[in-house]
Amino acid sequence: FTLVPTNTEVPPELCRVLVLGQNGSIRMRARATTNSPQVTLIPAGTSMSVLQQQRQDSLQDGPVWYFVRVRIEDSEVTGWIRSDTVTAITECPPIP
């Protein structure tokens with residue numbers, strides 16, 4: 001049995017965001033809801049790429065969640081974070 005690397009299509013970056021110092025660490029989740037399991041904690045001062053964005057439960061006025069890619073130590077991690085826990089480095093496009 002030999003592992004063969006595959007090319008995984010990576011979605012383009014929509015924007016970049018930063019975890020502010022006063023927020024401390026923020027939770028990355030498996031899905032775009034606070035009821036979803038925590039994937040990891042992202043420390044303050046970390047910047048990351050936003051690959052997708054959506055409103056929680058598709059509600060018009062629900063919180064906006066970002067699907068992000070971030071490097072923590074020697075690992076690249078992807079998951080969902082709430083937009084109100086970070087600040088924009090580059091502007092994210094509006095959600096239609």
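Let's start with Ser-83, which sits in the loop that runs between strand 6 and strand 7. This is a predicted model, and in it Ser-83 has a relative accessibility of 19%. The cut-off for buried is under 20%, so Ser-83 counts as buried.

What does Ser-83 touch, once neighbours within four places in sequence are left aside? The answer is a run of Val-64, Trp-65 and Tyr-66. Two of these names come back below: Tyr-66 belongs to the largest nonpolar core, while Trp-65 is a member of another one.

## The nonpolar cores

The largest nonpolar core has 17 residues. Which of them touch the most other members? That would be Ile-42, Met-48, Tyr-66, Ile-81 and Val-86.

As for where the core gets its residues, the elements giving two or more are strand 1 (15–18), strand 2 (26–29), strand 4 (47–55), strand 5 (64–72) and strand 6 (75–82). Strand 5 makes the largest contribution, with five residues. Apart from this core there is another, of five residues, and its members include Leu-51, Trp-65, Phe-67 and Trp-80. As general background, nonpolar side chains in soluble globular proteins tend to be buried together.

Cys-15 is in strand 1, and Cys-92 is in the segment after strand 7 (87–88), so the bond ties together parts of the chain that are 77 residues apart in sequence. Are these cysteines buried or exposed? Cys-15 is buried, at a relative accessible area of 1%, and Cys-92 also counts as buried, at 12% relative accessibility.

## Glu-73, a positive phi in a loop

Finally, have a look at the loop between strand 5 and strand 6, where you'll find Glu-73. Its phi is positive, at about 55 degrees, although Glu-73 is not a glycine. For context, most residues other than glycine have a negative phi.

Is Glu-73 buried or exposed? The exposed class begins over 50%, and Glu-73 comes in at 72% relative accessibility, so this residue counts as exposed. Ser-83, also a loop residue, counts as buried.

Terms used
Residues numbered from 1 in each chain as written. Predicted model: local features only at pLDDT ≥ 70, side-chain atom pairs only at ≥ 80, totals over all residues. Heavy atoms only, no water. Core = buried A, V, L, I, M, F, W, Y, C linked by side-chain atoms within 4.5 Å. Buried < 20%, exposed > 50% of the residue type's maximum accessible area, 1.4 Å probe, protein only. Helix = DSSP H or I, 4+ residues; strand = E, 2+ residues; numbered from the N terminus. Contact = heavy atoms within 4.5 Å.
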